[in-house]
Protein chains: 2
Amino acid sequence: MTQQPDYELYGYWRTSATYRVRVALNLKGLKAQEHVVDIDKGENLSEAFLKINPLGAIPAFIDKGHAPLTQSLAILEFIDETHPAPPLLPADPHGRARVRAIAHMLAADTHPLITPRVRKYLTTTGGFDDAKLRGWLVHWFTVGLQAVERRLMEEPGTGAFCHGDQVTMADICLASITATMKAIKIPLPDVPTIAAIVARCEAMEAFAKADPMKQVGAPKAS
Amino acid sequence: MTQQPDYELYGYWRTSATYRVRVALNLKGLKAQEHVVDIDKGENLSEAFLKINPLGAIPAFIDKGHAPLTQSLAILEFIDETHPAPPLLPADPHGRARVRAIAHMLAADTHPLITPRVRKYLTTTGGFDDAKLRGWLVHWFTVGLQAVERRLMEEPGTGAFCHGDQVTMADICLASITATMKAIKIPLPDVPTIAAIVARCEAMEAFAKADPMKQVGAPKAS
């Protein structure tokens with residue numbers, strides 16, 4: 001007997017935000033039926049997908065019988081509220097604020113600057129050539145990761161993971177950024193604390209299974 | 001007898017993220033001692049401020065005896081968790097996910113693209129002139145607000161405010177974007193649902209008191 005998936009997830013192999021949702025589902029032991037929305041071919045703006053999510057944004061997460069949920073961090077909070085174990089946030093409000101702040105430094109301060117729609121604007125209206133675009137990507141990845149590295153190095157809250165010794169939303173966002181960098185071939189700057197935490201994440205099945213390169217639609221390893 | 005403020009807030013008159021924290025504190029009836037960090041003069045990178053927040057980012061929110069909290073949405077969640085009334089999120093998980101998603105469409109998809117550090121990169125390394133920079137700002141404000149407008153128009157969850165008839169985090173983020181647009185003189189696109197919600201927000205004392213133009217350091221009305 002095949003187990004019925006709990007949810008549906010519309011996403012794409014490469015995107016950082018889809019990766020975050022996959023990891024959270026894996027950590028909670030939840031299953032989602034995945035649907036590929038090829039944003040490189042503009043499928044997110046197709047009539048078929050706009051019927052699912054009129055905003056044309058992925059990931060779109062469907063809890064059957066309800067409107068699609070969007071925005072990866074809002075989806076992570078939803079998954080955590082409806083399936084509390086294992087928790088994606090610590091129990092104390094100051095710890096939760098620290099985890100959310102690190103998550104937002106990555107998912108809100110860093111990631112929005114390197115999304116396809118921004119790259120497209122820069123290379124068309126913005127007049128950026130390939131070298132200038134690459135300079136932009138390297139700059140914001142580096143600035144973002146160095147700021148997080150500094151927090152992780154200096155703050156006593158850091159443990160084997162971003163906050164203590166349990167995986168939280170912050171680790172999911174961190175690994176999502178480094179996975180995207182790998183997918184688009186941007187090297188990691190010198191951020192040893194981050195590198196060690198990401199290595200610990202990647203050793204866990206929940207993260208390994210969510211690896212962009214292992215998803216449907218990913219290019220074959222060369 | 002003077003009431004001792006509950007918190008300290010390091011921010012700047014004009015910034016969207018500081019505005020969000022001010023509104024949340026006002027809604028909860030909490031007081032913070034405000035410290036001006038003039039980011040136009042680079043004070044966020046001064047030795048004095050880096051002792052408060054080594055990341056040089058505002059807002060920095062101090063709950064005495066604890067490390068500074070950063071990232072406006074993480075601070076809003078903290079304020080809501082530690083002072084639940086009136087709530088900044090609805091009670092049901094689907095509603096909470098919708099509110100957080102709208103908040104993130106504004107604070108994570110839109111706002112990071114128009115921050116001072118991005119504008120600076122574009123006008124230096126990026127080679128944008130004034131017209132090109134203004135084009136960039138107008139584009140992302142417009143795209144962001146039109147996407148939110150579409151949700152608010154089409155989704156049954158919308159009420160007098162973004163979600164039902166109570167102010168939530170989504171309204172705070174929405175009003176923070178329109179307040180920033182006003183401060184940097186970018187006109188609001190044709191988004192009637194948003195305009196009506198923001199007008200309702202601005203009629204409330206909690207929002208009116210947080211108006212960037214009324215803060216220390218703001219330019220005199222001309």
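In the predicted model, a right-handed β-α-β unit is formed in chain B by strand 1, helix 1 (residues 16-28) and strand 2. The two strands of this unit, strand 1 (residues 7-11) and strand 2 (residues 32-36) of chain B, pair with each other in the parallel sense, and 5 bridges connect them. Within this pairing, Y7(B) is found opposite A32(B), a residue of strand 2 of chain B.

The two chains also touch each other, with 37 residues of chain B in contact with 37 residues of chain A. On the side of chain B that touches chain A, two or more residues are given by each of strand 4 (69-70), helix 3 (72-82), helix 4 (93-107), helix 5 (116-123) and helix 6 (130-154) of chain B. Helix 4 of chain B provides the largest share of this side, namely 9 residues. When the residues of the side of chain B that touches chain A are sorted by class, 19 are nonpolar, 9 are polar and 9 are charged.

Turning to chain A, the domain assignment divides this chain into domain 1 (9-86) and domain 2 (93-208), and the C-alpha centres of the two domains lie 20 Å apart. The contact between them draws on 12 residues from domain 1 of chain A and 16 residues from domain 2 of chain A. On the side of domain 1 that touches domain 2, helix 1 (16-28) and helix 3 (72-82) of chain A each supply at least two residues, and helix 1 of chain A gives the most, with 7 residues. By class, this side of domain 1 of chain A comprises 7 nonpolar, 3 polar and 2 charged residues.

Notes:
Residues numbered from 1 in each chain as written. Chains lettered and ligands numbered in written order. Predicted model: local features only at pLDDT ≥ 70, side-chain atom pairs only at ≥ 80, totals over all residues. Domains from an automatic or database assignment. Contact = placed C-beta atoms within 7 Å. Helix = DSSP H or I, 4+ residues; strand = E, 2+ residues; numbered from the N terminus. Nonpolar A, V, L, I, M, F, W, Y, C, P; charged D, E, K, R; others polar. Pairing = 2+ DSSP bridges. Right-handed = clockwise from strand over helix to strand, strands pointing away.
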